Amino acid sequence: MKTLLIRFGGLLAVLFGITLITFTLSYFAPGDKAEAIAHARYPGDFGIAPEVLQGIREEFNLDAPFFSQYTHWLADVLRGDFGISYSSRTSVWVIFVDNLGETVTLTLTSLAIGLAAAFLLSAVAVRYPNTIWDRGAVIISSIGAAMPSYWLALLLILGVSVHLGWLPAYGTGTLAHLILPAATLAFWVMASQTRLLRTFMLEAYDQPFIETLRLRGIPEREIFSRHVLRHSFVPALTMIGLDMASLLEGAIIVELTFSRSGLGSVLAGAVLSRDLPVVMFLVMFFATAYVVINSMIDGVQHLCDPRNLKKVKAS
């Protein structure tokens, strides 16, 4: 219970700090907020009347001092009121719910594909060390770690969509629209996890009990599946949690590149239109998701640790 309270207090501190920084950057950013909101609200009208701009300032209290605006927003959030979008006049919560599914689908699909590929590459590399398979896995993971996701996305669009015409380059709605974005993020996950899993598996093979199992005549396949994988799984959990949380952020760039609907596209549009309620809510969501996911992974890692399991059984 004490640990949960400490983590909850840390989460509140993180949220307060992030919202204060985000609000400060938005408030002191150059440019007329009312004009940005007006252009987002009336995209075809290039000559916005001064009366319209003044009406927007009064509607959203944009002329109020910084701390007045921040405390007013914070009080509404504490009451569960996340406000309405400046540009679309739609509830921020409705916008969030309508776009959450696309981002979660992309994130989980990418994570599943990336982890499967990473497990396969690292397993082959460890079973056949210092061979072409091992070197190939290292090279592929190094390329994936060095290649930005937007650059890989552009290469996939150019090769698979433009030249070959196999898959659509942009859009949302079908499985075909999901393949290229998921492959882009999965390649990054695969690169990150392959290097770590390979390292953890090699460390597991170096443990003294592995040689003892071999002397007892246990097949190499059973040693790998029942002992090496279990030994390397616990430390890998932490990095899997970090990658899962980072995928939510990486989805922003990928959704923009492939013109997908989702929270990333919404956040980018809100930043450009100075839609502060949407920006603040999504920043809070990504920060909360990052902290919660890593806290859950820490809990699972604690439970999966054999030393802790022995303590639980002994008690």
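Visitor: How many nonpolar, polar and charged residues are in the lining of the largest cavity?
Guide: This is a predicted model, and in it the largest cavity is lined by F23, S26, Y27, K33, L62, Q69, Y86, R274 and L276. Tyrosine counts as nonpolar in this classification, so Y27 and Y86 fall in that class, while K33 and R274 are charged, as Lys and Arg are. Sorted by class, the lining comes to 5 nonpolar, 2 polar and 2 charged residues.

Visitor: What volume does the largest cavity have?
Guide: With a threshold of 30 Å³ or more, the structure holds 1 cavity. The volume of the largest cavity is about 60 Å³.

Visitor: Which helix gives the most to the lining of the largest cavity?
Guide: The lining includes F23, S26 and Y27, and the helix in question spans residues 2–28. With 3 residues in the lining, the element that gives the most is helix 1.

Visitor: Is I6 buried or exposed?
Guide: I6 has its place in helix 1, and its C-alpha atom is separated by 34 Å from that of A145, which lies 139 residues away along the chain. Exposed means a relative accessible area over 50%. Because its relative accessibility is 55%, I6 counts as exposed.

Visitor: Why do the buried residues of helix 3 line one face of the helix?
Guide: Helix 3 covers residues 50–59, and its buried residues are L53, I56 and R57. Because these residues, seen down the helix axis, fall within a limited arc, they line one face of helix 3, and that arc is 100 degrees.

Visitor: Which exposed residues does the face of helix 3 turned away from its buried side carry?
Guide: On the buried side, the cover over the buried residues of helix 3 includes helix 2, residues 33–41. The face turned away from that side carries the exposed residues E51 and E58.

Visitor: Which residue just after helix 3 takes a positive phi?
Guide: Helix 3 runs over residues 50–59, and the residue asked for comes just after it, with a phi of about 55 degrees. That residue is N61.

Visitor: Which residue with a positive phi follows helix 11?
Guide: Within helix 11, the buried residues are L263, G264, V266, L267, A268 and A270. The residue that follows the helix has a phi near 60 degrees, and it is also one of those that line the largest cavity, namely R274.

Visitor: How many helices and strands are there in the chain?
Guide: From the N terminus on, the elements run α-α-α-α-α-α-α-α-α-α-α-α-α. The count is therefore 13 helices and 0 strands.

Visitor: What share of the 315 residues in the chain is buried?
Guide: The C-alpha atoms fill a box of roughly 85 × 60 × 30 Å along the principal axes, and the accessible surface comes to about 17400 Å², with 68% belonging to carbon and sulfur atoms. Taking buried as under 20% relative accessible area, the buried share of the 315 residues is 40%.

Note on methods. Residues are numbered from 1 along each chain as its sequence is written. This is a predicted model: local features need pLDDT of at least 70, side-chain atom pairs count only at pLDDT 80 or more; totals for chains, interfaces and linings use all residues. Side-chain values use heavy atoms; hydrogens and water are left out. On a 1 Å grid over the protein atoms alone, a cavity is a set of points where a 1.4 Å probe fits but cannot get out, and a pocket is an open set with protein on both sides within 12 Å along at least five of seven lines; lining residues have an atom within 4 Å of a point. Grid points are joined across faces, edges and corners, and a volume is the space filled by probe spheres set on the points. Helices (H or I, at least four residues) and strands (E, at least two) are DSSP runs, numbered from the N terminus. Buried means under 20% relative accessible area, exposed over 50%, partly exposed in between (1.4 Å probe, protein chains only). The arc is that of the directions from the helix axis to the C-beta atoms. Contact means heavy atoms within 4.5 Å. Accessible areas come from the Shrake-Rupley method with a 1.4 Å probe; for residues, only the protein chains shown count as cover.
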